[in-house]
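These are my notes from going through the model, entry by entry. I wrote down each thing as I looked it up.

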Amino acid sequence: MKPAASINAVPDQQDRLIAWFAALAIAIHILEASFPSPVPGIKPGLANAVTLIVLLRHGLRAAIWVGALRVLVGSLLVGSLMTPTFWLSASGATLSILVLCLGAAWNRALPAARLSAIGLSVLAALAHMSGQFFVAYRLFIPHPGLLRLLPLLLGAALLFGTVTGWIASRILARLPPLATSAVGDEAPR
Amino acid sequence: MTRADRVVIVLAALLVGVAAGAYWQPRTVADRVEVQVGDGTPQVYSLDTQRHIEVHGALGTSMLEIEDGRIRFVSSPCRNKVCIHSGWLSMSGDATACLPNRVTIALLGHGAPEIDAVSQ
Amino acid sequence: MLLRRILVGAALLALLSWLALRPPPQDARETELVERNLPVLGTWVTLSAYAEDPALQTRVQRAFDQVAQQLADFDTRWRAFGDGTLGRLNAELVAGGSIRVPQDMRPLFRRAFEIHRISGGLFDPRIGALVRVWGFDDEAHYRESPPPQAEIDTALAALREAPESLQTCPGSGEAEQDCYGPAPGVVLDFGAIAKGYAVDQVGERLLAAGIENFMINAGGNVRTQGRRGDRAWRIAVRHPRPEIGRLLAIVEPDDENVVTSGDYERYFEYQGRRYHHILDPRDGRPAQGLQAVSVLSADGTLADAASTALFVAGPEHWRDTARKLGVGQSLIVKADGALQATQSLAARITLPGKPPLEVVP
């Protein structure tokens with residue numbers, strides 16, 4: 001990666017990579033925005049699959065860029081920037097990235113008990129949903145009735161997390177191998 | 001899929017089960033609705049009387065309509081009108097909100113199970 | 001290789017676009033219920049059928065189309081005033097002539113007059129003129145104060161003079177009694193029985209079409225058949241005083257009708273008193289003593305007429321009248337709000353809020 005001191009206006013390989021992945025994540029974010037949801041604004045977070053792939057192949061910094069770009073630009077394009085939906089997305093994405101870091105750290109520390117893309121994705125999806133629900137419940141609909149939906153939302157997160165994790169692992173297996181390995185896990189064998 | 005993955009999935013499933021045990025309630029017919037603006041005091045309205053309610057939120061006025069035991073958003077100053085698309089709500093635990101306008105409505109009930117028709 | 005990637009990409013794009021652009025999916029539990037709302041019989045008639053299988057759903061839709069036509073015809077035919085068949089028959093009667101009942105109208109005519117007899121006159125299909133005097137025949141005629149006593153007296157007099165039952169048609173040699181009149185000033189009005197009869201007819205039509213799980217709600221006259229998927233149909237009875245509560249009772253009918261007559265459906269208030277549309281044929285005024293009567297019966301025509309007859313009978317005599325008419329399942333709300341129910345019905349209903357209920361044998 002480039003040293004932080006120099007600022008180069010010409011996009012390099014890394015920038016292009018981030019841009020490409022971010023565009024993909026944004027496209028998924030926009031499509032997801034038109035899905036109906038039992039709680040207005042809460043989404044399955046399918047774009048997190050992209051963040052996961054980036055994390056596993058290109059490291060934490062790239063993943064944070066992709067995640068942040070997806071939330072900001074995606075919300076801008078959907079028209080939900082600075083609206084409650086935006087805060088729900090942002091909190092979900094933040095908690096999700098945090099959990100993915102922890103997952104990656106776990107993989108490095110305990111390679112015997114390695115989590116593949118599937119396990120990481122499930123954790124990320126649960127974190128994403130929990131983050132959204134927490135914000136929704138504390139800030140927007142502090143009504144006990146909302147808790148009725150929590151089992152449903154968590155169940156959906158588990159399902160989506162498993163599916164996107166599986167898709168991500170398939171994609172990772174197909175992508176050409178990198179020159180250097182990024183974080184403790186790559187294409188699952 | 002690694003062994004750790006399987007453990008994660010099982011633990012996640014347990015979490016969902018615990019949440020279901022703790023929070024799942026059968027749907028019952030609601031008889032009143034709680035309307036709240038931001039974190040202000042919730043106002044409770046009965047669902048028996050036909051009426052329109054004007055709610056003044058952060059962006060402007062949302063209009064609610066109560067008729068025959070159900071309630072819906074009729075108009076709201078938000079852009080996406082998600083609240084209006086929720087349609088009629090009638091079961092306890094149902095909730096919707098106009099998040100941009102900070103208006104939330106939540107239905108409370110007294111335990112009567114879902115009704116198909118009313119003889120009158 | 002490239003081709004395959006393009007195909008997969010295109011397929012994914014198509015899938016995601018479809019997901020994004022399609023209309024929001026209905027609640028899962030609603031897709032098995034086929035519904036139709038018809039503005040007819042002076043109210044909204046809702047038809048619902050439980051059908052999981054798409055072929056059955058199509059059959060249901062076609063049957064509903066037929067029912068819509070059936071009800072529209074029925075509606076025009078049985079209007080007490082106007083250009084429909086009954087309207088023209090009534091014009092004859094009012095002018096002092098006699099009428100002959102058309103073939104297809106005979107079953108309901110006979111049933112109505114039979115119930116008139118058995119109920120001791122409490123249910124009266126000849127009550128149309130009185131209903132008009134009170135303005136309850138048409139929203140356009142709604143009153144804000146009671147009509148002059150003279151008008152009530154005129155209508156009552158005409159009623160008392162009129163034949164109490166159908167008569168043999170002159171010179172026809174038939175044993176059947178399908179004629180009526182002369183009855184000057186009398187208007188035949190089947191409003192208190194027609195909906196129940198219509199619901200019976202619709203029910204038969206649906207059963208004949210092989211539809212076994214349905215619900216008909218004709219402005220509060222409810223009939224259920226079969227089950228709603230994995231549970232029974234649940235019908236509530238509306239509380240006559242909504243400021244107290246919305247639902248009075250919940251019952252799961254067993255291929256039965258639930259019909260309610262109440263003082264809250266059509267009424268006006270004048271000087272603190274409520275004047276409602278269920279008139280007592282004996283004195284020409286709104287019947288006193290009860291707020292609502294609900295009747296449960298497999299016979300919709302009977303349930304409809306009986307709910308009116310019991311309402312007119314009042315708190316002292318409803319039980320006797322119910323016995324005479326053969327309706328064993330009734331729920332009564334008295335003028336003071338107290339609840340009574342027959343034994344067989346009390347065992348089947350749930351009362352949210354658990355108010356005291358007097359069980360009458």
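**Entry 1: salt bridges in chain B**

Which side chains meet in a salt bridge at 2.9 Å, N to O, with B:Arg32 as one of them? I found that the partner of B:Arg32 is B:Asp31. I note that the model is predicted. I then looked up the exposure of B:Arg32, and it is partly exposed, with a relative accessible area of 32%.

I went on to a second pair in chain B. The side chains of B:Glu65 and B:Arg72 form a salt bridge, with N to O at 2.9 Å. Is B:Glu65 buried or exposed? Its relative accessibility is 10%, so B:Glu65 counts as buried, the cut-off being under 20%. B:Arg72 has a relative accessible area of 28% and is therefore partly exposed.

**Entry 2: B:Glu34**

I located B:Glu34 in strand 1 of chain B, residues 28-37. The relative accessibility of B:Glu34 is 19%, so I put it down as buried. How far is B:Glu34 from B:Tyr45 in sequence and in space? I have them eleven residues apart in sequence and 6.5 Å apart from C-alpha to C-alpha.

**Entry 3: salt bridges in chain C**

I looked up C:Glu252 next. It forms a salt bridge with C:Arg234, and the closest N and O atoms are 3.6 Å apart. The pair links distant parts of the chain, 18 residues apart. C:Glu252 sits in the loop between strand 8 (247-251) and strand 9 (257-262) of chain C, while C:Arg234 sits in the loop between strand 6 (221-225) and strand 7 (235-238) of chain C. C:Glu252 is partly exposed at 41% relative accessible area, whereas C:Arg234 is buried at 15%.

I also noted a network of salt bridges in chain C that links C:Arg241, C:Asp263, C:Glu269 and C:Arg274. Over all chains, the structure holds 22 salt bridges.

**Entry 4: helix 7 of chain C**

Why does the distance between the ends of helix 7 of chain C agree with its number of residues? Helix 7 has 15 residues (194-208), and at 1.5 Å a residue it should span 21 Å. I find its end C-alpha atoms 21 Å apart, so the two agree.

I listed the buried residues of this helix; among them are C:Ala194, C:Tyr197, C:Val199, C:Asp200, C:Val202 and C:Leu206. As a reminder to myself, an α-helix has 3.6 residues a turn, so residues three or four places apart point the same way.

**Entry 5: chain A against chain B**

How many residues of chain A are in contact with chain B? I have 28 residues of chain A in contact with 31 residues of chain B. The two chains bury about 2,600 Å² between them, and 71% of that is on carbon and sulfur atoms. I looked for salt bridges between chain A and chain B, and the count is zero. Three residue pairs, both residues at pLDDT 80 or more, are in polar contact between these chains.

Helix 4 (84-109), helix 5 (117-140) and helix 6 (150-174) of chain A each supply at least two residues of the side that touches chain B. The largest share of that side, seven residues, comes from helix 5 of chain A. By class, I recorded 19 nonpolar, seven polar and two charged residues on the side of chain A that touches chain B.

Technical notes: Residues are numbered from 1 along each chain as its sequence is written. Chains are lettered from A and ligands numbered from 1 in the order in which they are written. This is a predicted model: local features need pLDDT of at least 70, side-chain atom pairs count only at pLDDT 80 or more; totals for chains, interfaces and linings use all residues. Side-chain values use heavy atoms; hydrogens and water are left out. Helices (H or I, at least four residues) and strands (E, at least two) are DSSP runs, numbered from the N terminus. The expected span of a helix is 1.5 Å times one less than its number of residues. Buried means under 20% relative accessible area, exposed over 50%, partly exposed in between (1.4 Å probe, protein chains only). Contact means heavy atoms within 4.5 Å. Buried area is the accessible area (1.4 Å probe) that two parts lose on being put together, summed over both. A salt bridge is a side-chain nitrogen of Lys or Arg within 4 Å of a carboxyl oxygen of Asp or Glu. A polar contact is a pair of N or O atoms within 3.5 Å; within protein, one must be able to donate a hydrogen and the other to accept it, and residues adjacent in sequence count only if both atoms are side-chain atoms. Ala, Val, Leu, Ile, Met, Phe, Trp, Tyr, Cys and Pro count as nonpolar, Asp, Glu, Lys and Arg as charged, and the others, Gly among them, as polar.
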